[in-house]
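Try each task on your own, then compare your steps with the solution.

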Amino acid sequence: MNRVKIFKSILWAITGLAVAFGVTRLFFGLGAVSNLSDTTPWGIWKGFNVLPGIALAAGGFVVTAVIYIMRREEFHRYARVTVLLAFLGYITAATALVAELGLPWMVWHPIIYWQHHSALFEVSWCVILYLTVLFLEFLPVPLEHTGCLAGIRRLLTKYKLVLVFLGVMISTLHQSSLGTMFLITPEKLHGLWYSSLLPILFFVSAVAVGPLMLILAILTISALYHKPLETDKLAKLAGASVIILALFGLIRLVDLAIAGKLGMAFDGSWQAAVFLIEIALSLVIPVVILGVGKFRHAPAGLWVATIAAVTGIGLHRANIAGIMLVRTGPVYFPTFYEITISLGIISAAALAFLFCVERFKMWETPWEDTRQNPEAPAEFDRASEVWLGTPRIAGRTVYSLIFIVALAVGCAGISIDRIESAGVKDVAVVPARGGDTLFVDGNLDGFGVVFAHEEHIAREGDKQSCVRCHHMNLPLDENTGCHTCHRNMYTATDVFRHDWHSSPTGGNLACNQCHDPQRERTDATAKSCAECHDDMIPDGATITVEQYQAPSYADAMHGVCMTCHKQKAAELTDREELARCAACHTPAGPHFLPESVYEKFRDTSFNHIVMPPITAIDRQIEESPE
Amino acid sequence: MKAILTDVTKCIGCFECVAACKEAHGLANDVPRKWHRNDGLSARNWTAIIQKPGPHYIRKQCRHCLEPACESACPVAALVRTETGAVVYDPAKCIGCRYCMIACPFGIPRYDWEEPVPYIQKCDLCYDRISHGQQPACTEACPNGATIFGERDELLAEAHRRIKAEPGKYINRVFGEHDLGGTAVLYISDIDLDFLAYPARSRTPALPATTAPAMKAVPPAFLGMGAIMGGLYWFCKRREKVRAEDKKDEGVE
């Protein structure tokens, strides 16, 4: 296996996994695959793919401007590859953006619904327009290869300068408007990153990092395909870029100094540490290495400097897009699925890049192989429309296999719990405590109910009234506590243990004892508990058990109490308050528990958000016989 | 312009407003999910009661800013401030970018994270009801008159009157009168309510003003960049020509 094959195999594997997770995201919602939340609505797709991706694609307009507007013919060789890099960079960002949109099929809406005060509106338009420009700029390359539509190719080549101009103008807006987007978060974004100069900073950093990303891509191609490096040209390009990179760092530091926020960089917080790392990567390392002629002309120097700069600027954008936004909720860390989708989009773009580099005439003048016996170039058989024989082409079987296996592994590897529970917190119920008076607070949030158990018994008619609430008991038990079956605060509990019942009754031969042989074997068509366990359902129980799923504790408690309370409120005209929340949830609350339990709820806003579906209770009242 | 005034000292934390809101908007049963922010609001709870030591009960809901950050952020005008003062959401326009959630200084908009077709969820000041002359479900349900509905200037006057009438009782400030350009949902309180704004203090200027200068600079930047590039192109072309001529001259000599 040569290195291209290994590299591509890895890319195909990640892409396969990402496709599986991406489809899951589409069918089960963002919550199923991501850790995005109401406190962190934007995650790794924005912070890693979109914002840094757009910056790294900036070579498309910077280098084309250098070649066609500043007429530096010596870089002409890289014109096609820089346009391709930008095109794929934008496709990557757009794909990640679409994956992140809640309603990806509405992505075209900014075209018809205008809102010109919105920075994101401007961004959307720029992405659409610039993608079109890049597409038209790159189109001649594949057209040249296929030999068809020669007229369009000639037209596009003739008016290339117009496209270059449009590219520069649109990119200027686009790069800066990404910065504008975060001007609206003055208090949320950390002081070391927030600045009213964000649009300018984004533009300058993009101009600096675009060519450096191109150099990194050329270094990669050279390493993968054994091409000789033209270090003189690359050094010239890098030398110019690093001046702009230094300008970016300078504007940032001066801006911070003027705002009096430079001291924050040394306050010892983790944000300050990240800031210093960012400055080291985006300013110090590239400037030191590329500032020295000897290092600039050495491939190793170029490698280190470009990787540092690309990471540094990427980090700058990721910090602004999310890492440094203040949040009051739990810390966001992307899930494995999110990271894979993020990398998968990049992998797919990298595969497309390599495809173009291998198949199309990307260099106009030939770029020879450094090896003694290079592989024969691929040949295309026009009659059969298949690619013939080089070892790299033969790798397609391997790639297909890897992709499909990765896809299958991805599908199998998705946690079914994540999809089914839809993010519901699994809170085990704490039984009601107390004696004659009970304190019902299943999730210990301090917002419970003081339930006068003895009073209710006396009022409702002594022992005969038990069945009004206790509608089902464990075998050989009486008045089993609610928490025995309603075990989860917010989710239903499956109280029927199939394995416990099947083996005592005769294993696989005993299905028909409970299931109707004529019908599908489901919960709904099986016998009810009472048909065998007549001791489980007490005589006169008004609440019927319809299925083997015990509703959540919260639903069960609200259901059983509020059904009566609503009836009583309707009957007794002067007791309207009986139907109100405060009738049971007395705000002051009793303190059966030690203070320490409540202490944690003291200072934070507590989380009481469960309300029963009111219409459901009303329906129960209408249907009840009384 | 309509508004809501909530008197924190009068709220007894009975949750009637929350229940009424759920009923009025047909919001389904809700359970705590891992993506909820721990303040009671969620995609199914458009208003919530926050308990603070005391106890104090503070009703949280969309503040219906006079200059909403969400409205200026939304790229498709799905969030719009109406003439009534209510900031309403149009799900048919929304693309699900969630920029409003980033922009909102009060952290109000919530998202249907569990849905394959998710929407933004937030209080709409019962726009349907108030445009038919009714009052919002929450203020109607309040048994204690702690949260009331009316014209904003009248409620502001009422708020100042209450503060003046009992000087020691309230903090001498109507929360929402000037914060972030002013909001339609006002509070008077005996405890500081700045925690309601996302970063624990509210700024005086409205947020849309932060992006406005940059957005205004867009057309000049676009044309300016074109002009600069045009000038550069002309200059470089000219330099090339002069150099070629110089070379030719040298050749003649």
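**Exercise 1. A pair of helices**

Work out how helix 13 of chain A passes helix 15 of chain A, and in which direction the two run relative to each other.

*Solution.* Keep in mind that this is a predicted model.

Step 1: find the two elements. Helix 13 of chain A covers residues 270-291, and helix 15 of chain A covers residues 299-323.

Step 2: look at the axes. They come within 8 Å and cross at roughly 150°.

Step 3: Helix 13 of chain A passes helix 15 of chain A in a left-handed crossing.

Step 4: list the residues that touch. Helix 13 of chain A contributes Val274(A), Glu278(A), Leu281(A) and Ser282(A), among others, while the residues from helix 15 of chain A include Gly301(A), Val304(A), Ala305(A) and Ala308(A).

Step 5: The contact divides into twelve nonpolar residues, six polar and one charged.

**Exercise 2. Two residues of chain A**

Decide for Val310(A) whether it is buried or exposed, and find the class of Thr480(A) too.

*Solution.* Val310(A) is found in helix 15 of chain A, whereas Thr480(A) sits in the loop between helix 20 (453-460) and strand 6 (493-494) of chain A.

Step 1: count neighbours. Val310(A) has 21 C-beta neighbours inside 10 Å and so counts as buried. Thr480(A) has 16 inside 10 Å, so this residue counts as partly exposed.

Step 2: check the partners beyond four places in sequence. Val310(A) is in contact with Leu56(A), Val209(A), Leu212(A), Met213(A) and Leu216(A). For Thr480(A) the partners are His470(A), Asn473(A) and Leu474(A).

Step 3: The C-alpha atoms of Val310(A) and Ser282(A) are 28 residues apart along the chain and separated by 7.4 Å. Those of Thr480(A) and Thr92(A) are 388 residues apart along the chain and separated by 59 Å.

**Exercise 3. Where the chains meet**

Describe the side of chain A that touches chain B, and name the helix that gives the most to it.

*Solution.* Step 1: take the totals. The contact uses 73 residues from chain A and 76 residues from chain B.

Step 1: find the helices. Those of chain A that each supply at least two residues include helix 1 (3-28), helix 7 (119-138) and helix 10 (160-180). Helix 10 of chain A gives the most, with seven residues.

**Exercise 4. The build of chain B**

Judge how spread out chain B is, then locate Phe15(B) and Cys126(B).

*Solution.* Step 1: start with the elements. Chain B has eight helices and nine strands.

Step 2: visit the two loops. Phe15(B) lies between strand 1 (2-7) and helix 1 (16-25) of chain B, and Cys126(B) between strand 7 (120-121) and helix 4 (127-130) of chain B.

Step 3: read phi. Neither is a glycine, yet phi is positive, about 70° for Phe15(B) and about 45° for Cys126(B).

Methods:
Residues are numbered from 1 along each chain as its sequence is written. Chains are lettered from A and ligands numbered from 1 in the order in which they are written. This is a predicted model: local features need pLDDT of at least 70, side-chain atom pairs count only at pLDDT 80 or more; totals for chains, interfaces and linings use all residues. Axes are lines fitted to C-alpha atoms, for helices over the stretch in contact, and angles run from 0 to 180 degrees between N-to-C directions. Helices (H or I, at least four residues) and strands (E, at least two) are DSSP runs, numbered from the N terminus. Angles under 35 degrees count as roughly parallel, over 145 as roughly antiparallel, 65 to 115 as roughly perpendicular and the rest as oblique. A crossing is left-handed if the near helix is turned anticlockwise from the far one by less than a right angle, and right-handed if clockwise. Two residues are in contact if their C-beta atoms, placed from the backbone, lie within 7 Å. Ala, Val, Leu, Ile, Met, Phe, Trp, Tyr, Cys and Pro count as nonpolar, Asp, Glu, Lys and Arg as charged, and the others, Gly among them, as polar. A residue is buried if 20 or more other C-beta atoms lie within 10 Å of its own, exposed if 12 or fewer, and partly exposed in between; C-beta atoms are placed from the backbone. The radius of gyration is taken over C-alpha atoms; the globule rule is 2.2 Å times the number of residues to the power 0.38.
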